[in-house]
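Please read them with the structure open.

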Amino acid sequence: MKITMSREEMLGKRRKLALPELLAPAGNLEKLKFAIRYGADAVYIGGQRYGLRSNADNFSFEEMREGVAFARQHGAKVFVATNIYAHNEDLPGLHDYLSELDRIGIDAIIVADPAIIETAKRAAPSVELHLSTQQSTLNWQAVRFWKDEGVSRVVLAREASMREIEEIKEHVAIEIEVFIHGAMCSSYSGRCVLSNHFTDRDSNRGGCCQSCRWKYDLFVSEEELLTESYSAQLTAEGEDPFTMSSKDMCMIEHIPALIRSGVDSFKIEGRMKSIHYVATVVNAYRQAIDSYMRDPFGYELKQEWLEEIGKAANRPVSTGFFFEEPDHDDHIYTPEDKPQAYDFAGLVMDYDAASGMAVIEQRNHFKPGQEVEFIGPDGTHFKQIVGDIYDTEGQPLDAARHPLQLIRMHVDHPVMKFDMMRKKLN
Amino acid sequence: MSDNQASVAFRKPELSISAGSLEEVKLYIEAGADAVMVGDLTYAERLPGSMTVSDIAEAVKLAHGQQARVYVVVNKIFDHDLLPGLGDYLQSLQECGVDAVIFGDPAVLMAVKDRSLGLNLHWTAEMTTTNYMTANYWANKGSSRTILARELNMEEIAEFKRGANHEIQIQVHGMTNIYHSKRKLVKHYLTHRGKKLTPEYQQDGKILYLVEKERPDERCPIIENENGTHIMSSDDICTIECLDELMELGIDAFYIEGLLKSLEYNMTVLRVYREAIDTYAADPAGYEFRDEWLDAIHELQDPGRELTFGFLFKEQVY
């Protein structure tokens, strides 16, 4: 698809294009390294407390140190999500926790609760404050308020439209971050306690059990429901039930518009997602962003970026509120998860150009005769059929069965360390 | 009424309720409300009805004549379509002499500041108002009262009160909002099914209910309007049996949610809580809960909606 700019866009908007930050999720240290190797300018992680993914691996302080050291070597930044809405019992220990983040050299915390903002100003003066999307900030006056409070970046509500984003950029000189890819709350972020009410799990402290994706019936009845039965049911047997489940966000087709809007940071959701997912999605956006910045007028959306994202994602996608209010096409009524098309099979650990042999660390079962694909951050991208495979002793194998087992095999084109090998699933 | 020592020492909590019309304002004050929450639905969510500025001015006159207060709910999450009118609206509320504006979006604070308005402010961010330090932060920005999240237990409320340097308000009765989306989810669903949201579903006196497949007894009202979709709790909070415990904590204000309830129901609830508060204030030590209070509410309670203590005695995990 050729992107053509309107005359108005070419003449009217003389804003110099700035390279946005590509911000990726990192559920653990290994994912952090992959996100950065595959093109993330910054990663966000969760610590042992105050984050919204209580089920994720989450980083110890020691792992954070290692992550920060790795990021520094690669010119990348590390942000820590501390975006719960704290209860009183969460306040003790907060100061020490934030101080430790400061000592570790964390670049910014992502924060929603002013109690945490105020504590961080004292406890972690060299850590930047990024206002979380949990604050559901949708207007420039609110952005101005947070700027005055010393916040250096605002992550806008997912309900913000492109027009609103541009207006906010025009009104307030502050960094703006938006979600461009991944799962979305269908509610205003933070304004949902379905989990609390259905399961006694506190959604705003990381206990969300995704009640919005459950199946529901709808009934109509009198205001005072004095009978056991309902007068009308809007849902019907054999029909798709009602749900609040949103499609995932995907803005890969709209990178030029996003860059022109002046958004400073493009955020990918998914601290719970796999290495393969994070690396693949980051890779696609990295290529799109770099391609546009190199030559805005010659930019073309490449089909392979869309295909790559399709190979990692397992939910249908939409563009959320960016262009118009979501309608029925932006929700998931039919069985939600389309089967995952590809799986991470192995990681390239070594390659010998002379023999064309690679050493692959097994990540999922694969065997000779199977079609695989190699992808890498430097643009490696080819398919081949797996030939004979050997263990490190040179013994032939009928299949790569064991996680992290090192396998030697011939590759059809040159590969590099940390390229990924994926296999197609049936 | 003769003052005894206890009533001098004990400051009665304010009793308030949301109202959707001048008629409701009048009747609720007669039934014992010290304050009413009203507003124009252009700038507010989940009120029982919308009132214009001139209605609000009338309500203020009426209330002030009876030593009652009028708080105006301005609890929208503001987008740019709505922002331009906010300053004028707040200005006119000040001119009406309203007793406070209830806000959640910092845009309201900025508008008040930009116009140097002298409005009294109460802060609520619904389910995200969960600790006293954050409440004190907003107090420092000019709010004189914090309205607590409903998802807090007795212990948390007690600690909140001890830590807060300003007034706190809790909800003591009625339903609560548990989900708010900007999306029009019912309309989208019906479109998906090839149906239209016909007036049949939107008639006065009809309510749409959301019921999870595995929880057939929990019926959550689901309200769709121009502002999106609101899901309400399947139960009604009712704290009349432990109101003395809440009064012992020294909480400043008790709120009754009037949404989706009949006038008769709300007036009965007000009378009951009024009597309980006055009884306690007259003699805290001798206070005893009366079964007739709960019976009066039960008599009008929708049997499809359980009366519960909300989260008062719950322990949540995460």
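1. Two strands pair if DSSP finds at least two bridges between them. Helices (H or I, at least four residues) and strands (E, at least two) are DSSP runs, numbered from the N terminus. This is a predicted model, in which local features need pLDDT of at least 70 and side-chain atom pairs count only at pLDDT 80 or more, while totals for chains, interfaces and linings use all residues. Residues are numbered from 1 along each chain as its sequence is written, and chains are lettered from A and ligands numbered from 1 in the order in which they are written.

2. In chain A, an open sheet is built from eight strands with antiparallel pairing, in the order S16-S15-S20-S13-S14-S19-S17-S18. Its edge strands, each pairing on one side only, are S16 (381-385) and S18 (396-397) of chain A. Strand S17 (residues 389-390) and strand S19 (residues 406-410) of chain A run antiparallel and are joined by two bridges. Within this pair, A:Ile389 stands opposite A:Met409 of S19(A).

3. H10(A) packs on that sheet and touches S13 (342-352), S15 (371-375) and S20 (420-424) of chain A. Contact here means C-beta atoms, placed from the backbone, within 7 Å. The direction of H10(A) makes about 105° with that of S20(A); axes are lines fitted to C-alpha atoms, for helices over the stretch in contact, and angles run from 0 to 180 degrees between N-to-C directions.

4. Between the chains, 61 residues of chain A are in contact with 58 residues of chain B. S8(A) supplies the largest share of the chain A side, seven residues. That side holds 25 nonpolar, 17 polar and 19 charged residues, where Ala, Val, Leu, Ile, Met, Phe, Trp, Tyr, Cys and Pro count as nonpolar, Asp, Glu, Lys and Arg as charged, and the others, Gly among them, as polar.

5. S8(A) also runs antiparallel to strand S9 (residues 206-212) of chain B, to which seven bridges join it. A:Glu222 stands opposite B:Lys206 in S9(B).

6. The largest nonpolar core has 220 residues, of which A:Val43, B:Val36, B:Val101 and B:Tyr273 touch the most other members. Such a core is a set of buried Ala, Val, Leu, Ile, Met, Phe, Trp, Tyr and Cys residues joined through C-beta atoms within 7 Å; buried means that 20 or more other C-beta atoms lie within 10 Å of a residue's own. H10(A) (residues 275-294) gives the most to this core, 11 residues.

Definitions and conventions: Contact = placed C-beta atoms within 7 Å. Buried ≥ 20, exposed ≤ 12 C-beta atoms within 10 Å, placed from the backbone.
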